[in-house]
Amino acid sequence: MQAIGLHAVDWFIILFYFAFIIGMGFYLKRYTKSEEDFFLAGRRNSAWVAALAFLSANMGALELLGMTGNTYKYGMYIAHFYWIGAIPAMLFLGIYMMPFYYSSRIKSVPGYLKLRFDEKTRVLNGISFAIMTLLVSGINLYAMALVLHTFLGWNWDVSMWASAITVAAYVTLSGLMSAIFTEIIQFFLIWFGLFLVSVLGIVEIGSVGEIMHRVPEAFSKLWSTSGSSAANGMMVTWGGIVLGLGFVLSFGYWTTDFLVVQRAFSAKNLRSARMTPIIASFFKVAVPFIVVVAGLIALVLAKDSNSGFALMRDGGKLNYDSALPMLIARYFPRGLIGLGITALLAGFMAGQAGNISAFNTVWTYDIYQSVINKKASPKHLLWMGRMATIVGIVFSVATAYWAKSMPTIMDYMQAIFSWVNAPLFATMLLGMFVKWITPNGAFWGLISGMGSSFALYLAVKFEWIQAGLLTLSKGPASDMAVNFWRAWWAWLICFTVTIVVSLFTKKRPEAELVGLVKGLTPKTVGEHIPWFKQPAFFAVLALIVLVLLNVYFW
Amino acid sequence: MPEEGKNAMADNVKKMKPIWFFVGLVLLVMGAVITATGLYDLLAGVESKTVLARLHPSVWWGGLMVVAGLIFVLANRNSTVD
C-alpha cells in the first residue's frame, strides 16, 4: 500500500498547527483562575462560539473519514445522519430542554439527574458516561494512529503519543476553554481543508447532476427506496431510520450526551445557550456537502476505469475509510496536502480534547465530589480537574494499546453509544416533561435500558436470536440497521420500566421540582424579545431547510 | 477572594482576545504559506502530478484563506472578551 508523501511545506503547516494550539493552551491558562473557568469556560461564550464548538465536538476526523467511506458504500442514505438524524434533536434541545438544563445552573448532565431524581441515578449515569467516554477516547486514539500509519506511513507509537501529549498539555492548562478554542479552529480548518475536495471533484466530473446521474439510483435517493430493506444499500427501512436513528439515537446523543451539551452550558446566558444547538443545526445541515459529495465523487471515479482512481485495499478488502485521503492525494498539491492532513489531525485531537474535557467534569463533580470527597473546596476541585485530565489521557492511551493488541474489541465499541445514550434519553424526556416520574422509576428504568441494550447486542452477535426479530423485517439487515433498532428497543424498555416503577414508588414533592419539570416551571424565557429574534423563529427556519432538502433528494 | 484580586482577574479577562482573532491568524499564516508555494510552483514551472493541477488550486484557495484570515484579524484586532 502506497502512503501519501509529504513535502517540507506540508510539514511546516502541520508543525505550525501543533505549536499554535499548545501556545493557545498557555495563553488561555492566564484566564483560567476558577473551577468555573476550567470546567465551563467561565460561562462567558457567545452563542456563535458555543454553537461552533457544539458542532465541532461531534465532527471528528474519524467521523469524516468513516462517513465519506460509508457514502461510497451506502450512497446518500448517509445524509440521514446529518439531517433527520441530527437537526430535529438539536432543535428540540434548544427549544424545550435547554431552559431546564441551563436555568438549574448544573455543571453536567448527571447533575440534572441529581436535582430531578436522586444521587444514585446521578452516580449511575456519571460512572457509565465516564467509562464510555474513556473507552471512546482510547478507541479514537487507536483509530487515529492506525489512519496515520496506513495513509501517511507514520510510526504508530509516535503519532499516538504526540497527539495524546499535546491534548493533555492544552486541556490540563486551560480546560474547556482551550478545548472550545481548538474545536472552533478545527471547524475552519475542516471547511478550508476538505471542502476543496468536493469543489475539485465536481469540476473534474462536470456537475453535481452528472455525479448523481453516474451513481446507482438507490445511491442518490433519501426516502424513495426505504420501503423495503432490500431496495437500498444500507438495508434498512424508513421505520428504522425514523425510530432508531431519527428519534432514539439522534435525540439520545444530541440532547443528553454531555460531550456536546457541555458546550451549550458554557454560553453566557440562557438565550445564547438556547441558540447554541439552533445555530449549530444550520452548519450541520451543510456537512454532507463535504462528506456525502466526496463519497459520491469517489464512487463515480472508482467506477470509471479511465480515472486511475481506486480505494486502498487491506488484505484484499476495500478500505472504505481511504476514500477521503485518496481524494486529497488526487487533487491536493504540496501545501494543500499539509492543510488537508492538518484538518484531519485537528479533527482527531479536538475530538480527543472534547472527550477528555467532558470526562474531567463528570469525574470531578459527579463521582469525586458526589461520592469520594463531598467537602472539597473549589480550589481542590480545580486541581482534581487537571489531574483527571492527565489520568484520563493515560487511560485512553492504555485503551488504545488494548485495542491494538485485540482489534475485535472495536466491534464491541460500536454498541457503546446505545448502551448509555438511548436509555438516558427516555429518562430525561420523562424527567423533564412528566412530574410524577419518581427517583426509583428513573434508576431502574436506566438499569433496564442499559442492560437490555447490552443483552440484545450480545444476542445478535452470538446469533442467540435472529437480527430480523429486532428489525421487524424478513429481508436482510445491515449492522447499522440492527444498531438503529436496538437503540429503539432499549429506549422503549427504559421508557416503560420507568413509568411502571414510578406508578408504585414514592414521588418527590412538587415544590422540589420547580424549574426542573415542565408544568411546574413558570415561563420566563424570551418574553421581551421580538419574534424574529426568538430561538423558535430560527428553529422553524432550520426545519424548513431540512424539509426542503429531504423533498429535493426524496 | 480579596477585592483587588477580583479586580486583577477582571482586568485579565477583559484583555483576552476573542477566538475569531486566532482563527484569523491560523488562516492567514497557513493561507500565505500555501499561496506562496502555489505561486512559486506556477512561476518556476514546477510540475505537479495531481489531477486538475492546471487550475493551480494552491494559488486561489490559499488566497481565499488569506482574505478570510485578514478579515477575521482586522475585525477583531482591538476586540476583547468581557
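## Interface and helix packing

Chain B and chain A bury about 3,300 Å² between them, 84% of it from carbon and sulfur atoms; buried area is the accessible area (1.4 Å probe) that two parts lose on being put together, summed over both. On the side of chain B, the residues that lose the most area to chain A are Met16(B), Met30(B) and Trp61(B), together 19% of what that side buries. This is a predicted model, in which local features need pLDDT of at least 70 and side-chain atom pairs count only at pLDDT 80 or more, while totals for chains, interfaces and linings use all residues. Residues are numbered from 1 along each chain as its sequence is written, chains are lettered from A and ligands numbered from 1 in the order in which they are written, and side-chain values use heavy atoms, with hydrogens and water left out.

The contact (heavy atoms within 4.5 Å) takes 39 residues from chain A and 35 residues from chain B. One salt bridge is found across the interface, the rule being a side-chain nitrogen of Lys or Arg within 4 Å of a carboxyl oxygen of Asp or Glu. Arg334(A) forms a salt bridge with Asp41(B), with 2.4 Å between the closest N and O atoms.

Helices here are DSSP runs (H or I, at least four residues), numbered from the N terminus. Axes are lines fitted to C-alpha atoms over the stretch in contact, and angles run from 0 to 180 degrees between N-to-C directions.

| Helix pair | Angle | Axis distance |
|---|---|---|
| α16(A), residues 336-372, and α17(A), residues 378-405 | about 125° | 8 Å |
| α11(A), residues 238-256, and α22(A), residues 479-504 | about 60° | 8 Å |
| α9(A), residues 156-205, and α2(B), residues 19-44 | roughly 40° | within 10 Å |

Angles under 35 degrees count as roughly parallel, over 145 as roughly antiparallel, 65 to 115 as roughly perpendicular and the rest as oblique. α9(A) and α2(B) are therefore oblique to each other. The contact is made by residues including Phe181(A), Phe188(A) and Phe192(A) of α9(A) and Trp20(B), Phe22(B) and Met30(B) of α2(B). By class, this contact of α9(A) with α2(B) has 13 nonpolar, no polar and no charged residues. Ala, Val, Leu, Ile, Met, Phe, Trp, Tyr, Cys and Pro count as nonpolar, Asp, Glu, Lys and Arg as charged, and the others, Gly among them, as polar.

Within chain A, α16(A) and α17(A) are likewise oblique to each other. Among the residues in their contact are Phe359(A) and Trp363(A) of α16(A) and Met384(A) and Gly385(A) of α17(A). The classes here are nine nonpolar, nine polar and no charged residues.

α11(A) and α22(A) are also oblique to each other. Their contact includes Gly240(A) and Phe247(A) of α11(A), together with Trp485(A), Trp488(A) and Trp491(A) of α22(A).

How values were computed
Helices (H or I, at least four residues) and strands (E, at least two) are DSSP runs, numbered from the N terminus.
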